[in-house]
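Subject: Model handover

Dear colleague,

Here is the model for you to look over. My notes follow below it.

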Amino acid sequence: MQGKKRNFYKTFTFTTRFLGSIFVCMTNLHDAAFVAELNNHLKSGGVIAFPTDTVWGLGALPTRAGADALFEIKRRPANKHLIIMSDNLAHIRPYMENYPARAFDLANKYWPGH
């Protein structure tokens, strides 16, 4: 189908205490209806799986529900932290405590896209 963009995504259902499904995202994100569905899923504490350049990643919003779901799915020990990734330092600043000013100076200087 030349010239027509197709979306490739599936929903896999897991039986867990925290969530009902994980969206597996292999899609062009120009589909507004899919992006809205994905946002609603994330806002309700859902988890997404997405391909990276080397492995599949799991993602959730940085909320208690999102973190709990990731810990359960990954069977991750509570003392092993999660990472927060964003294209914008301002998005993750509210989740950072006790970081020296120099760390923010370096982040502002070297953050991708700056």
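Which exposed residues does the face of H1 turned away from its buried side carry? They are Ala 32, Ala 33, Asn 40 and Lys 43. Exposed means over 50% relative accessible area, buried under 20%, and partly exposed in between (1.4 Å probe, protein chains only).

Some ground rules. This is a predicted model: local features need pLDDT of at least 70, side-chain atom pairs count only at pLDDT 80 or more, and totals for chains, interfaces and linings use all residues. Residues are numbered from 1 along each chain as its sequence is written, and side-chain values use heavy atoms, with hydrogens and water left out.

Overall layout

The chain has four helices and four strands. Both are DSSP runs numbered from the N terminus: helices are H or I with at least four residues, strands are E with at least two. From the N terminus on, the order is β-β-α-β-β-α-α-α. The chain has 114 residues, and 25% of them are buried. Take the contacts between residues at least 6 apart in sequence: 26% join residues at least 24 apart. A contact means heavy atoms within 4.5 Å.

Helix H1

H1 covers residues 32-43, twelve in number. The expected span is 1.5 Å times one less than the number of residues. For H1 that gives 16 Å, and the end C-alpha atoms are 16 Å apart, which agrees. The buried residues of H1 are Phe 34, Leu 38, His 41 and Leu 42. Seen down the axis, they fall within an arc of 95°, so they line one face of the helix. That arc is taken from the directions from the helix axis to the C-beta atoms. Gly 45 follows H1 and has a positive phi, near 90°.

Salt bridge

The count comes to one salt bridge. The rule: a side-chain nitrogen of Lys or Arg within 4 Å of a carboxyl oxygen of Asp or Glu. The partners are Arg 64 and Asp 68, with the closest N and O atoms 3.0 Å apart. Both belong to helix H2 (residues 64-74); they are four residues apart, so about one helical turn separates them. Arg 64 is exposed at 59% relative accessibility. Asp 68 is partly exposed at 21%.

Around Phe 104

There is one aromatic pair. Rings of Phe, Tyr and Trp (its six-membered ring) pair if their centres lie within 6.5 Å; planes under 30 degrees apart count as stacked, over 60 as edge-to-face, the rest as tilted. Phe 104 is buried at 13% relative accessibility, while Tyr 99 is partly exposed at 46%. The charged end of Arg 93 also sits over the ring of Phe 104, 3.8 Å from its centre. That calls for NZ of Lys or CZ of Arg within 6 Å of the ring centre and within 35 degrees of the ring normal.

Positive phi in the loops

Most residues other than glycine have a negative phi. Arg 75 has a positive phi of about 55° and is not a glycine. Arg 75 lies in the loop between H2 and helix H3 (89-92) and is exposed at 76% relative accessibility. Asn 98 has a positive phi near 55°. Asn 98 lies in the loop between H3 and helix H4 (101-110) and is exposed at 78%.

Best wishes
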